[in-house]
Amino acid sequence: MAALAGGAVGLLPPLSVPGVTELKPLSRYEAMRLGPGWSHSCHAMLYAPNPGMLFGRIPLRYAVLMQMRFDGLLGFPGGFVDRRYWSLEDGLNRVLGLGLGCVRLTEADYLCSHLTEGPHRVVAHFYARQLTLEELHTIEICAVHSRDHGLEVMGMVRVPLYTQKDRMGGLPNFLGNSFVGTAKFQLLFALKVLNMVPEEKLAEAVAATQKQKKPAAEPAAVTANQMVAKPTNEVANQPLAMTKAEPEDEAANQPLVFSTAEPAADAANQPLVFSTAEPAADAANQPLAVPKAEPEDEAANQPLVFSTAEPATDVANQPLAVSTAEPAVESVAGPGAESMTEPVVESMAE
């Protein structure tokens, strides 16, 4: 780390990991000469060699501490430092005391500085200190009793630096989480320059993370477009749904009362048939059947006279059916007129 903390920017190698945006490096000396319009953030990575084996066959290599923040993002312990009152290290130790409670860093632990992207003018300073596994475990215990635990800090986590046989378990899945600010870049940069993970392994882990996210995003976008476009197309292509009201309009505008009007006119001239006229409301409510007329006269009670009663539509289409009312008119003459009654009986017999 002493070599990396030198004044020349050329000593800071680039990350050179596909899929990760490079940040512009600068030396500590250059960062300190920036004007008052710049903000300074200081964060630290605490790590320790770990000889353990996962499942008895996967080497753990190192234990690296990060923390889950209050906003659900992963990051390193640290925060912003007000350069008007604190040096970088004093400001960093003040923040670490709130989140960890039992660790202090010095300028010897300084690793690198980078300019961040975005509208805010921020210089991100990064520190790293190697501890023993026992010291690291002590810090984890102290963090649970710190002031910020459960408030700004949800808890400490260890970064898995291995990759399982499925090429996703371990570091690739961990890198798929959401990180705050420059935390992901600083993690990858520290793992590379401190020779904790080979560069090709870092590239493979990042590439596996990108392949995992891409298929999951595309079906979601297609489903969203289909859900929005499908109802719109159906409504646009099927305007006949509005024609359901037409049969109702036709039924209202064309009542079946008109089919019974013609017999009613004939009944005016034939007094014994006028009783077939029914109220318009009843005829509209019973469009398929016209009740049989019940004339007052006894002669109208003969079933042969009214056997021609049919639905209103048939009567309207066959106007000759009204001729059946003539015998009923002649029968009014009374039984005394024999010459007139006999033809009527014969015609009915036919």
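Mentor: First, a term we need: a residue is buried when its relative accessible area is under 20%, exposed when over 50%, and partly exposed in between. Note too that this is a predicted model.

Start with helix H2, residues 88-99. Helix H2 has twelve residues. At 1.5 Å a residue, they should span 16 Å. The end C-alpha atoms of H2 are 17 Å apart, which agrees. Just after H2 comes glycine 101, with a positive phi of about 95°.

Now look at which side chains of H2 are hidden. Its buried residues are Leu88, Glu89, Gly91, Leu92, Asn93, Val95, Leu96 and Gly99. What covers them? The cover includes helices H1 (28-32) and H3 (133-144). It also includes strands S2 (39-54), S5 (78-81) and S7 (122-130).

Stay with Glu89. Glutamate 89 forms a salt bridge with arginine 28, and the closest N and O atoms are 2.7 Å apart. Arginine 28 sits in helix H1 and glutamate 89 in helix H2, so the pair ties together parts that are 61 residues apart in sequence. Both arginine 28 and glutamate 89 are buried. Glu107 joins them: Arg28, Glu89 and Glu107 are linked in a network of salt bridges. Side chains of opposite charge can pair when their charged atoms come close.

The structure holds eight salt bridges. Another one joins arginine 84 and aspartate 82, at 2.9 Å from N to O. Arginine 84 is exposed, with a relative accessible area of 67%. Aspartate 82 is partly exposed, at 29%. Then take glutamate 199 and lysine 192, whose closest N and O atoms are 3.7 Å apart in their salt bridge. Glutamate 199 is partly exposed at 37%. Lysine 192 is buried at 15%.

Next, strand S7, one of the elements that cover H2. Follow its aromatic side chains. The structure holds five aromatic pairs. Phenylalanine 76 and phenylalanine 126 form one that is edge-to-face, with 5.1 Å centre to centre and 65° between the planes. Phenylalanine 76 lies in the loop between strand S4 (74-75) and S5, and phenylalanine 126 in strand S7, so this pair ties together parts that are 50 residues apart in sequence. Tyrosine 110 belongs to strand S6 and tyrosine 127 to strand S7, so the link spans parts 17 residues apart in sequence. Tyrosine 110 has 2% relative accessibility, so it counts as buried. Tyrosine 127 has 0% and is buried as well.

Last, the nonpolar cores. The largest has 35 residues, and those with the most contacts inside it are Met45, Met66, Leu187 and Leu194. Elements that give two or more residues to this core include S2, S6, S7 and helix H6 (199-237). Helix H5 gives the most to this core, with eight residues. A second, separate core has 19 residues, including Cys42, Ala48, Leu105 and Leu136. Cysteine 42 is buried, with a relative accessible area of 0%. Cysteine 142 is partly exposed, at 26%. The structure holds zero disulfides.

Technical notes. Residues numbered from 1 in each chain as written. Predicted model: local features only at pLDDT ≥ 70, side-chain atom pairs only at ≥ 80, totals over all residues. Heavy atoms only, no water. Disulfide = S-S within 2.5 Å. Buried < 20%, exposed > 50% of the residue type's maximum accessible area, 1.4 Å probe, protein only. Helix = DSSP H or I, 4+ residues; strand = E, 2+ residues; numbered from the N terminus. Expected span 1.5 Å × (residues − 1). Contact = heavy atoms within 4.5 Å. Core = buried A, V, L, I, M, F, W, Y, C linked by side-chain atoms within 4.5 Å. Salt bridge = Lys/Arg side-chain N within 4 Å of Asp/Glu carboxyl O. Phe/Tyr/Trp six-rings, centres within 6.5 Å; stacked < 30°, edge-to-face > 60°.
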